[in-house]
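This report looks at a ligand site and at a few backbone features. The sequence and the structure come first.

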Amino acid sequence: MSTLVLGIESSCDETAAAVVRDGRQILSSVVHSQASLHAVYGGVVPEIAGRSHLAQILPVVDAALVQASTSLEQIDGIAVTNRPGLIGSLLVGLSAAKALAWPRGIPIAGVHHIEAHVYAATMERPELAYPSLALVVSGGHTALYRARSPLVLELLGTTRDDAAGEAFDKVAFMLGLGYPGGPAVSKLAESGNPRAVRLPAYRSREAAPSFSFSGLKTAVLYHVRGQDARNPLPPPEAITDRADVAASFEQAVVDSLVEECLRTARREGLQRILVAGGVACNRRLRLEMTRRASAEGLEAIFPSPAYCTDNAAMIAGLGFQILSAGKADTLALDAAPR
Ligand code: KG4
Ligand code: ZN
């Protein structure tokens, strides 16, 4: 007997639904991105996000069921992101999950978005053993965990200011690139020299791991605009070393992520580094983390790019683990922004 879980994700600017068998086999994964709605504002506008989720949630769930050649009658559990995220957005997914589950008596599981990102790194690797070091690098989070099991993550350290993805998005804005900025900066960086622009590198002074990207972001701002805050940002065509700036910034972020992961893995005696979240799509990060980890006899594991950014397959997968552990929630399940 296999177990089918429907996953629902609406914590930020992606409306997503997926059907996953036995916590690993992805039968469908549908993601509706709102990026074009938020692009003009250079970031996610919570009110617009909530309204768009409301319009998209049921069509996206239907599409996921159809693509998996199944129906709600065949679904054994519904997993839904209930924390953390934009409250108005979370509530749309949560309300939909309850409305679909209640009349059919389907059990529901509330899923932590960050824990689900980590789980995504293990979905394609069923043999993977715990404990592992887990790095979550997304638009909202940059944090290191000791993952003891899919459901037990201990926070080891986090960013002191911006998330890595947020820094990518802000630098993209300075360089006149669109939102979301990560893929655009990364693309431009391919034609630049990563050693051309000297940028500050943050290193944690304590034993505990930490990250910081706001100094780096400000250094990029000073480089393109000058130090005088009264100066406007130059138009993109006036930034003659745009590709070099993008490459040097990307290199600095990657160096800091890789070094802090390797240092922490050594310190914690962990052999595997799981890397998850939208920034885990970054090619330079994937290459350098893999190369430098293997030089130390460690293994770096990344999900396929489609499962690095927000998706509902990771929600359904972790939801299966929660339901299998007998930890289903009741319909009193609430959303929590933090
Ligand atoms: O995980 P995610 O989809 O949403 C959050 O939970 O935040 O991550 C989105 C973030 C954005 O900041 C985006 O710019 C970044 O991931 N990102 C990238 C790349 N692809 C997406 N950053 C660097 N390089 C990429 N290729
Ligand atoms: Zn995410």
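The sections below take up the basis of the description, the ligand site and the backbone in turn.

## Basis

This is a predicted model, in which local features need pLDDT of at least 70 and side-chain atom pairs count only at pLDDT 80 or more, while totals for chains, interfaces and linings use all residues. Residues are numbered from 1 along each chain as its sequence is written, chains are lettered from A and ligands numbered from 1 in the order in which they are written, and side-chain values use heavy atoms, with hydrogens and water left out.

## Surroundings of ligand 1

The shell around ligand 1 holds 19 residues, the closest being Gly139, Asp169, Gly182, Gly278 and Asn282 (a residue counts if one of its heavy atoms lies within 4 Å). By class, five of the shell residues are nonpolar, 12 polar and two charged, where Gly is taken as polar and Asp, Glu, Lys and Arg as charged. Because domain 1 (4-119 + 309-324) and domain 2 (131-302) both contribute to this shell, ligand 1 lies between them; the domain bounds come from an automatic or database assignment.

## Polar contacts of ligand 1

Oxygen atoms of ligand 1 are approached by a polar side-chain atom of Asp169 at 2.7 Å, by a backbone N or O atom of Asp310 at 3.0 Å and by a side-chain N or O atom of His113 at 3.3 Å (a polar contact is a pair of N or O atoms within 3.5 Å). The protein covers 90% of the 560 Å² of accessible area that ligand 1 has on its own, by the Shrake-Rupley method with a 1.4 Å probe. Helix 4 (113-123), helix 5 (164-174) and helix 6 (181-189) are the elements that each give two or more residues to the shell, helices being DSSP runs of H or I with at least four residues and strands runs of E with at least two.

## Backbone features

Most residues other than glycine have a negative phi, and most peptide bonds are trans. A cis bond joins Arg83 and Pro84, with omega about -25 degrees, and Pro84 is in the loop between strand 4 (77-83) and helix 3 (87-101). Another cis bond joins Tyr179 and Pro180, with omega about -5 degrees.

Definitions and conventions. Polar contact = N/O pair within 3.5 Å; in protein donor to acceptor, adjacent residues only side chain to side chain.
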